[in-house]
Amino acid sequence: MPFQEFAPFFGPDELKAMTTAYNAAWYQLWLAGIAVTTHPEETRKKLSHVILAAACTGKREQKRLEAIAIKALAHS
């Protein structure tokens, strides 16, 4: 789980939503060819940072986090 280290700050349901959003966004970006870069680990890191930042501002619903992440990485 990419967000496990933030367990002291988020509840189990929030961590699950963040992880599910991360996995779903990665899959969508991969399908769109955006995740297939020369540096996929850098793209994964950006994806997790976008989701974490959104969650820190109170956006914690899985679908909303997913949409924010896809939009952010599609435009970067």
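This is a predicted model: local features need pLDDT of at least 70, side-chain atom pairs count only at pLDDT 80 or more; totals for chains, interfaces and linings use all residues.
**View 1. Helix α3 and its buried face.**
Helix α3 covers residues 62-74. Four residues of α3 are named as buried: Leu65, Glu66, Ala69 and Leu73. Viewed down the axis of α3, these buried residues fall within an arc of 100 degrees, so they line one face of the helix. Lys63 and Lys71 are exposed on the other side of α3. The cover over the buried residues of α3 includes α1 (12-31) and α2 (40-56).

**View 2. Helix α2, its span and its cover.**
Helix α2 has 17 residues. From first C-alpha to last it reaches 24 Å, close to the 24 Å expected at 1.5 Å a residue. Its buried residues are Thr43, Leu47, Ser48, Ile51, Leu52, Ala54 and Ala55. Helices α1 and α3 are included in what covers them. After α2 comes Gly58, with a positive phi near 100 degrees.

**View 3. The packing of α2 against α3.**
Two packed helices are described by the angle between their axes and the distance between the axes. For α2 and α3 the angle is about 130 degrees, and the axes are 9 Å apart. The two helices α2 and α3 are therefore oblique to each other. Helix α2 passes α3 in a right-handed crossing. From α2, the meeting residues are Thr43, Lys46, Leu47, Val50, Ile51, Ala54 and Ala55. From α3, they are Leu65, Ile68, Ala69, Ala72 and Leu73. Leu65, Ala69 and Leu73 are also among the buried residues of α3.

**View 4. The packing of α1 against α3.**
Here the axes of α1 and α3 come within 8 Å and cross at roughly 40 degrees. The cut-off matters here: angles under 35 degrees count as roughly parallel. The crossing of α3 by α1 is right-handed. On the α1 side, the contacts come from Ala17, Met18, Thr20, Ala21, Ala24, Ala25, Gln28 and Leu29. On the α3 side, they come from Gln62, Leu65, Glu66, Ala69, Ile70 and Leu73.

**View 5. The packing of α1 against α2.**
The axes of α1 and α2 come within 10 Å, crossing at roughly 135 degrees. Helices α1 and α2 are therefore oblique to each other. Their crossing is right-handed. Met18, Ala21, Tyr22, Ala25, Trp26 and Leu29 form the α1 side of the meeting. Pro40, Thr43, Arg44, Leu47, Ser48, Ile51, Leu52 and Ala55 form the α2 side.

Ala54 lies in helix α2. Is this residue buried or exposed, going by its relative accessible area? Ala54 is buried, because its relative accessible area is 7% and buried means under 20%. Leaving aside neighbours within four places in sequence, Ala54 is in contact with Lys59, Leu65 and Ile68. Leu65 and Ile68 are among the α3 residues that meet α2. Ala72 of α3 also belongs to that meeting. Ala54 and Ala72 are 18 residues apart in sequence, and their C-alpha atoms are 11 Å apart in space.

Definitions and conventions:
Residues are numbered from 1 along each chain as its sequence is written. Side-chain values use heavy atoms; hydrogens and water are left out. The expected span of a helix is 1.5 Å times one less than its number of residues. Buried means under 20% relative accessible area, exposed over 50%, partly exposed in between (1.4 Å probe, protein chains only). The arc is that of the directions from the helix axis to the C-beta atoms. Contact means heavy atoms within 4.5 Å. Axes are lines fitted to C-alpha atoms, for helices over the stretch in contact, and angles run from 0 to 180 degrees between N-to-C directions. Angles under 35 degrees count as roughly parallel, over 145 as roughly antiparallel, 65 to 115 as roughly perpendicular and the rest as oblique. A crossing is left-handed if the near helix is turned anticlockwise from the far one by less than a right angle, and right-handed if clockwise.
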